[in-house]
Structure formats: C-alpha cells, structure tokens
Amino acid sequence: MTWVVDNLDLIGRLTVEHLRQSALPILLGLLLSIPLGWLAFRFRLTRGLMLTVVGLLYTIPSLALFALLPPLLGISFLSEINLVIALTIYAVAIMTRFVADALASVEPHVRQAADAVGYGAWRRFWQVDLPLAGPVVLAGLRVTAVSTISLCTVGILIGIDNLGYLFTNGYQRQIVAEILAGVVAVVVIALVIDRLLVVLGRALMPWAGKGA
Amino acid sequence: MRTIRRTTTLVAGAAAALLTLSACGGDSDPLEQDTGDSGEDTASDTIVVGSQAYYSNEIIAEIYAQALEADGFTVERNFSIGQRDAYMPALENGEVQVIPEYTGNLLQYFDPETTATSAEDVYAELANAVPESLAVLEQSPATDQDSYNVTADFAESEGLTSIGDLAGIDGLTVGGPAELEERPYGPQGLADVYGVDVAFEATGDTTVQDLVAGTVDVANVFSADPRIQTEDLVTLEDPEGLFLASNVVPLVGADVVEDVAAVIDPVSAALTPEGLVDLNVQSTEEQRSSEDIAADWLAENGLA
Amino acid sequence: MDLFAEAIAWIFSTDTQSGSLPLSEAIATHLAFTVVSVLIAAVIAVPAGWLVGHTGRGREIAVGLSGAARAVPSFGLVLLLVLVFGVTHKVGASTTAFVLLAIPPILAGAYSGVEAVERRIVDGARAVGMTSSQVLGKVEIPLGLPLLIGGLRSATLQVVATVTLAGYVGSWGLGFYIVQGIQIRDFAQILGAALVIVVLAVLLDLLFALAERAVVPRGVRAGRDGR
C-alpha cells in the first residue's frame, strides 16, 4: 500500500478529473430523458419504438462507441467531447425508461383531478406529473450516476485520463495496489454521489416515501 | 402548491449541483486533456508535451517536460494519449507539440515500405519522411525496439540464438499486443523473412508473464524492458533486419523546433540504452512515479 | 455512411474468417463468456434473492451490496483479477468480473419477483395448508418468474456488451477486434465487431422476450390455483 501513500496527489488529481468528466453526462442524461421519457409515456406508438431504441443503445460496447465517435462526428481523437457524448448516450438509455415508468406510476385520478381544477397540459406536467414521478426519476438518476462514473474509466483506452489511468498504468507496471486504488476510488466516489443524490432528493421532495 | 414549486427544483437543483462539479476542473492538472485552445498560441512559451500510453514513454516525456520547465517554458502535459495511429493527427494539427518517439517504428508508420534497418539509415530516412508540419530532433543512443524473445530454457533446449532458428519448429505461438498481428514484423513478416510459421496470440500488456508461464513460446518485447534481464529471457538475433533500429527520438512540431531543440537535444544525448532500462526498473520494480524518476535523472545528469 | 458499408464488408470478408481469431471463434468465445458468467451469477443470486423475497430479511443488505457491486468498474476489475490470479487464469479472472456485473440485476429480479406476489395470494396458500417452503416453491417462485427473467435479461445484455473488455487481456471475444482496431485505426473493423455484438444482444433479448411470454400464462394459472 505504500504505492497509494506515495501517489495520493495523483489519485486526487485523477478523482477530480473523473468527477468533472462524469458530471456533465449525468446532467445531460437527466435533462434529455425527461422529454424522451414523456414521449414514450404519452404515446403508445412512440413508446415501443423509443424503448427499443434506447435499449439497443445500451448494448453498444462502450469501447467501440468511444472510438467510433471521432470519425463519425469529425472531432479530434484526443477530445474529451468523445467521452462526454458517449456517456450521455448511455445515461439517456438508462434514464428514458425510468422517466417513462415514473410518469406511468402517477395515478390517473390525480391527473384527472388536476384537469378538473383547470390545469393545462403543460402546467399539469410540471406541477403534478413530474413532482409525483420525482421519486422514481431519482431512483433512475442514482443508477445512471453510478453507472456513468464506473463506465467513464474505459475512456483511458481512447486517451482520456481519469481514474482509468490507474488501471492501464498499473497493469503495465504490474502494480496491484495501483489498480486496486483505482477500483476503490471509483466505487467510493460513485457511492458518495449516490448518497448525495438521496439527500438532495429528500430535501427537494419531502412528499416522497422512504423508499426513494 | 408550495411543495410543488419545490419540486420543479429537483431538476434545477440536481443541475446546479452537477454543474458546480463539472465547473471545478483542474487547470493545474498535469494530466489535463483540454488542449483545445493551446493549438493556436504556440508562439509564446507554452509547450504541450504528450506521451504514448506506455509507462516508459511517459517517463521520457516527463523528463522533456521538466527540462523545458527548468528552462523557463510553461509546459502542459497531455500524457497517455494512446498509440501512434491515435495521436499522430493531434501532432500534425498542433494539439500536441512534443512527444518521445522511436525512430524505426515511426519511420515504418510514415513509410511502410522502407528498407533501412541501421540506426543511421533509419534516422536519415526518417528526417525526410516526416510531414512538413513535424520534425525530429537529434536521436538518442537509447533504444527501445520491438524484439522477439524466448525463455532461456527454450533457447537452450532448441539451440536458439537467432529468429531464423525458429524455422521448422512446429506449433509455435507468438505473443504480443493485439496490433502485432497486423504489423510488418508480425507473423506475416516472420514467415516471409525467416520462413518461421507461428500462430498469434494477443497477450496485451502481460506478454512477458505469458511467455514465462508458457502460454506463448515467443514474445514480442520492447528491448528496454527490464524483465528481459530479470526473467532471464533470450532476445533472438535479427540478422535479416525484420525489426528496424528504433532509437528514442523527440518528434516535435516544426514551429517549435528552434525553441525546444537546445533543451531536449542534451537530454537525448545523455540518455543511454542502459540508462533507459534503469528508468524502467525504477518505475516497475521500485514503483516510483515518473515525476520523481525524471527529476532525479535530470539532477544526476546535470540538466536541471 | 461509407463506414457502415465498410463495416459490413469487414464482417463478411474472408480475412475476418481466417485471421488469428476467426470471426466464428470470436462469436463463440464471446457468447461462452456471456452465458457462463450469467449462469454462475444466477446460481448465486437466484436462491439468495428468493430467500430475501420470501423471508423479507436481508433486503437492506442485498440492496446495499447490489449498489456497491454496480459501482465496481468492470474494466479495472478484469485487470486487477488477471494480476491477482496470474496470467494463466485470464479466463477465470475475466469471468469473475462479469459474474459480479451480472449479480445485481438477477438478485433484484429474484427478490422483487417474490415480493411482488400479492399478500392475499400468499395468505390464501397458507390457509389451504401449505408450508412455508411450499408457499415459496409453488406460489411465490412461479408467480415471480416474469420479473426474474426480466432480471436475467438485463444482466445478459449488460454482460454481452461488457465482455468486450476481455479483448484487452487476450485473444478472445469480439472485443479483440475492437482493441486491435483502435491500435491500428481500423474503424471498419471496430464498427463491424460492434455491430456483431449488437446483433448478438438483440438475439439474446428476443430469446428472453419469448421466455418471458412463455412463463406468464403459467404464472397466471398458478396464481388462479392459489386463489
């Protein structure tokens, strides 16, 4: 474990990088999946198609997607944008289903009551449907956050430095402690972010049950 | 309605939290990747040093970086950016300005048909082969070239000293990185040049361990790998020049040659073949960081 | 969309069938990693999940462990285990990492399937004199099958995509082509291999969809008997 002690600054630096790279895809995943999830929930026709497409996206191997984005989009191979776009695609793939399920979990009579007291569709969505769907959306956001932080490490194979650097560098130099430090650091930050989201959810959605 | 208004802020709140996170980047981060704007302002004293995703290359890059810093340059490190085919476009467009390279492999990249094999010929051809936007500085005596290796036991039992001695042995498997299969010196080259027929097994970064464990019979190992000594491997001679001589050489942007040559040329001159193996030993055996290894080496050689 | 045409051409080119790792062998090893990992994970997670769902005990632990397992980066774990187990056990090391990946969704499918059985049905089964293990075996497990298969389905889809990483440590699976393709910048090869993986995933998904359909009527029938 002396390796860890000697390299705390490197681990710290890579952890900050890692969080920075993961944050934007998690956020974009949440924002993009709300309209997509609503489309899937609202229209029977789009539901099957939408959920099939996002399901398919999730089966694209991350390593291939990271490597293919530069030629497909015409961006630099070294650009972090590759990683951000790829991770956003996976985040949307996970979140859309959760948002659709969350909206479906709102009881119809609540919606009818909102209609009855004169809510328009737009206002009802933001003030009734989404708040009540919140706990399930939050559950999806937690899964997305943990998965994004874990998947981010594969970025090292296309030259994006983050905690994944400790995996490949440790593997080359045969330093078990280095790889282990990377794995532990990823798990720790994933679980910390997960806890933060729970706390945030409780603060913002006091009506949610303990299950959230 | 109070609760409801609070909710719409779930999204907003999460957004704010995550944005804050994504905003706190590490500007001072040596592994920082955001080099988007550095391509343009190369004229001033900021130099972007890159490295391959290879620990030994990263040590050399760190030596360049610290030597440049000691001379007053501001250095941005963009290390571990993959293999040649991946980073070459970034060098050509100026995203990266200095990277440690290897003459033989680099020449083969620009001119796959080359017939040069000696260090002098390779370097001379390389100087002409690099694109106009790039240049190579003086080559170092230190070499780190591909080589085929067998265990001492296998060499003894089969009487092997040269690659050609492998011809006629049945059921040989050669191990190396996945791309070896497609390289000119890979299985096809072995068959064409030496009449040696081998199966190929991708062994990634554990090629030496796989050789020692017996998974493969012949291993493609870099000649500066300390384990050739420590694991008692025999490097097979290559009289036909399947492998090109591959000395350490800095590949730099043509526009920064004048700035950096005075700093990096002495580094290249001081780096010996044994010295390079020693740097690698410090990284793998002693598990020291490349920063420490580079700093000590520069001090010992009176270059910083 | 030249690249797609080239990728398709790569899949069907004779070189792809005859290299050091022929495509058929890559597909076979890729599927073998997937199936074996999911099976081992099922042997561990299904009984554990049923027990948690039936007794209601250990749910917190199961949820917590699943959450932590989800956070473990498979890529790092594969490399770590190869170093720890030794290079002669690369297959075992990779499989272990994929098993860990597959456990959380299967565990969740198993316990949520049992938990989702209506209280009234379980009470009814007890009322007609079923023992606790009969309730589990004859009522809760059959009725929970659709959710369990859903868990197996999502585990399989995750594993089939992630087995790609095994190509970083050795000559197997479709990941080998992707790892090699990245090093030699052969995008047709990368995309071709990725397309084959997606097709495999779709086929596996279809199998599970059929299986889910097959168990639902039986489950419903079992439910009626219980009532």
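How far apart do the end C-alpha atoms of residues 91-114 of chain C lie, and how much of the span is helix or strand? Let's work through this and a few more exercises together.

Before starting, note that this is a predicted model, in which local features need pLDDT of at least 70, side-chain atom pairs count only at pLDDT 80 or more, and totals for chains, interfaces and linings use all residues. Residues are numbered from 1 along each chain as its sequence is written, while chains are lettered from A and ligands numbered from 1 in the order in which they are written.

**Exercise 1. Describe the annotated spans of chain C.**

Step 1. Start with the opening question: the end C-alpha atoms of residues 91-114 of chain C are 34 Å apart, and the span is 100% helix and 0% strand. Helices (H or I, at least four residues) and strands (E, at least two) are DSSP runs, numbered from the N terminus.

Step 2. Turn to residues 191-211 of chain C: here the end C-alpha atoms lie 30 Å apart, again with 100% helix and 0% strand.

Step 3. Check the record. An unreviewed UniProt entry gives "transmembrane region" at residues 27-51, 63-85, 91-114, 159-179 and 191-211 of chain C; such annotations may be inferred rather than shown by experiment.

**Exercise 2. Outline the side of chain B that touches chain C.**

Step 1. Take the residue counts: 19 residues of chain B are in contact with 15 residues of chain C. Contact requires C-beta atoms, placed from the backbone, within 7 Å.

Step 2. Assign elements: α3 (84-92), β7 and α8 (207-213) of chain B each give two or more residues to this side. The largest share, four residues, comes from β7(B).

Step 3. Sort by class: this side of chain B has seven nonpolar, six polar and six charged residues. Ala, Val, Leu, Ile, Met, Phe, Trp, Tyr, Cys and Pro count as nonpolar, Asp, Glu, Lys and Arg as charged, and the others, Gly among them, as polar.

Note on methods. Contact = placed C-beta atoms within 7 Å.
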